[in-house]
Amino acid sequence: MSAPAGHSDVVIVGGGLMGCSAAFFLRQRGLSVTLLETDLVGRQASGTNFGNVRRQGRPIHQLPLANRALASWRNAKALVGSDLEFMPSGHIRVCYRERPELVGAMEDYADKARDEGLSLELLSGNALRDRFPFFGQDVLAGSYSALDGHANPRLAAPAFARAAIALGAVIHENTRIIAAQKSGEDFVVTAGDGRSFRAPILLVTAGAWGNALSSQFGEPVPVTPRGPNMSVTEPVPYAIAPAVGVMTPLEEETVYFRQVARGNIVIGGSTRGPSFPDQYRAYVKPENLLSQLKHIRRLAPELGRLNIIRVWSGIEGYMPDSLPVMGPSGTTPGLFYAFGFSGSGFQIGPGVGETMAELIATGSTDIPIAAYDIRRFAAG
Amino acid sequence: MAEPRVIIVGAGPAGTRAAEALVRAGLRPMVIDEGQRSGGQIYRRQPEGFGRSYAKLYGTEAGRARDLHQSFEALLPHIDYRPETLVWNIADQHVWWANAHDQDAAPFDALIVCSGATDRLMPVLGWHHAGCYSLGGAQVALKAQACAIGREIVFMGSGPLLYLVAAQYAAAGAKVAAVLDSAPASARVRAAPDMLALPSVLWNGIGLTLALRKAGVPVLHGVTPVEIRGDADQGVTGLVYRTAGGDTREIACDAVAMGHHLRSETQLADLARCAFGFDPVSRQWLPQCDAEGRSSVPGVYLAGDGCRIRGARAAEAGGQLAALAALADLGLAVDAAERAHLLDAMADYARFARGLMRAFPWPQHQAASLPDAAMVCRCEAVTAGDLRQVVRETGAREANRAKAFSRVGMGRCQGRYCGLAAAEVIAAEARVPVESVGRLRAQAPVKPLSISTGEDAA
């Protein structure tokens, strides 16, 4: 028995990590799914981000979602049938000497996080440097999460897409959506080439393009497209276990790095670049790379002896309050959103897909998502 | 009006002649070059203190080499010359350069990219063993350092460089074990009419073959390489190949120089956001440009082998033409007769180059039959089997997609050496035309850039 052509229980627009994992978990729950992607799945923010599988630093109310996601990361091979290169090798967030007040913030965060199941170890001075000798003298203290780590963003969303297809999902790549509307009981989603897709449930996981769809249902949101500033070194013998990041109020100081099993050190952060959703391209600005290198030398001076072999970027969508849009529409029954995660979306990705599938299939979820309601941007 | 700021990247034949034309028009271009000394690759100069003669270094091309070097020396007071300097990115009308001491962004009104070429390589089982070089690499060792890459060397592949480098090695006293050309002899016959466009160059090529035969070097055509034998301790120990007649033979050697003609270095054109098109004759994606070297991006000009593989003489003419195009577009006077003469000459060079492509075709069928165990991407140790598995299991049909999943072309050369062969492997496995596989997008930095770039000298 198959549904009429172009009809399914759920249509998902946007094939990033959120959309692909939602398709997978919806199929696990037995709903028929059609996912539509403008280009290839996982090519923009989901595929070009740093690859942090990091819970610490998230709002405390987001930790249940992050914990749910972590279970998927740990179980990824059995879940989706391929290796996402998840390395549960720890994550450390550090602050500099000139901002001693951040040590108090770290302690305060660790206290609250413990109640949500995230245990953090605070280190400073010699204890920090004995354990992580690569830190420079400017580093004052760090907060270490043993169970976090990092994974390969290039592999994650496509792996969820293939696993969803294996469970019966239909995924159309190279399918640009130009219109979406509700007609009777169904949403009708129309592609640029004239094909249309119908379903009683529509899930928008379109990242930087999310507003283009939410606006069609009277819910415009201020998504700002940007591009991450990513670079990678030549491979060197494996020596750095944790993913490392800086806690600071300044964007240009916010750099991070991780070493993959192959030996390359992936570096991200400092000033983000512009991106061009209409042209489907994003570029690393040369001056932003130099700024990143300057701050990396301060964080870990020995890295100054290595070479950068490549930079990359992708199209991200940022919300003004750094919280995503996730949950049901405020205007249209059957319409759901999960976009605007950039800056901190990769780790929670599989949790978002699982939670959206739960919400769509059962009508509710115990995971707290009220803070992400799209109605916070409603006029008046 | 302020003097137009013109930047030339590369100080080989194209860059030198471009600079000369600009200086003649009264401008002072900046010339940025990776080399220690000007000359580029084919007219690469030996380091200071080496005393080999022009005749010894450049053979039949000694006169041209001397002329080019002297022209560049004469330009030095009139140009802003930056040797040993890498242009690592281009953005917002600036080139970003870096060298061992300093870095900066230089603004330009016109940019002439003369980025040259590298060897086009077709993988062979065992080509990752120590002692295996590209033909160009083998030539650099000899020309710059007066070193041979081994004691008994097999030269393998196809293209004019195959015969030139083998003959240079033989003349320098190295033992050339064999020259194994994968192109069938018949291809040369079919290509002869086009190659008659430049009789003297054709004659030079024939002379190289005769010299090799006279020196007792076996020269075979229509050869298919099977395996470069070797191990981690000794490096290359021998080569197994199949003759045109179908016999499998083994030859002992301790070094192999290989390559199939050349490929354009197009990363800078890509970073400058020039449009590219697929060239079915060379089976390469090349930046689009008009007969004078104008790219699709206003103010960006392309010349020499970095744009189209047409050889050193065409590069000299192309550099000069691109400079004239830039001058005309900047509103400066250009000699119409000079331009017309250069365009005529370029037509002959283009015809000859087409003949060479046909005489020494890229053996794409070798990619399809490459054993699974053969390394395709040496930087990242990705085998043909790894790549085929990714194509089969993930459905990746496009070069960048296959790179994302398999790491092919993701290493420090960014696919410059494996990208074309990897595209053929993907196309064969997916049974799609190679042009639909596309090309690896260039990413900065063009070559590895130190993390210490921009650090204040303490």
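The model is predicted: local features need pLDDT of at least 70, side-chain atom pairs count only at pLDDT 80 or more, and totals for chains, interfaces and linings use all residues. Residues are numbered from 1 along each chain as its sequence is written, and chains are lettered from A.

Chain A holds ten helices and 23 strands, taken as DSSP runs (helices H or I, at least four residues; strands E, at least two) numbered from the N terminus. Its radius of gyration over C-alpha atoms is 21 Å, close to the 21 Å from the globule rule for 380 residues, so chain A is as compact as a globular protein of that length. The rule is 2.2 Å times the number of residues to the power 0.38.

| Domain of chain A | Residues |
|---|---|
| domain 1 | 10-49 + 154-221 + 320-377 |
| domain 2 | 91-146 + 229-313 |

These bounds come from an automatic or database domain assignment. The C-alpha centres of the two domains lie 30 Å apart. Four residues of domain 1 are in contact with five residues of domain 2, contact meaning C-beta atoms, placed from the backbone, within 7 Å.

Helix H3 of chain A (residues 63-74) should span 16 Å at 1.5 Å a residue, and its end C-alpha atoms are 16 Å apart, which agrees. The expected span is 1.5 Å times one less than the number of residues. The buried residues of H3(A) include A:Leu63, A:Leu70 and A:Trp73; a residue is buried if 20 or more other C-beta atoms lie within 10 Å of its own. What covers the buried residues of H3(A) includes helix H5 (101-114) and helix H10 (349-362).

Notes:
Buried ≥ 20, exposed ≤ 12 C-beta atoms within 10 Å, placed from the backbone. Contact = placed C-beta atoms within 7 Å.
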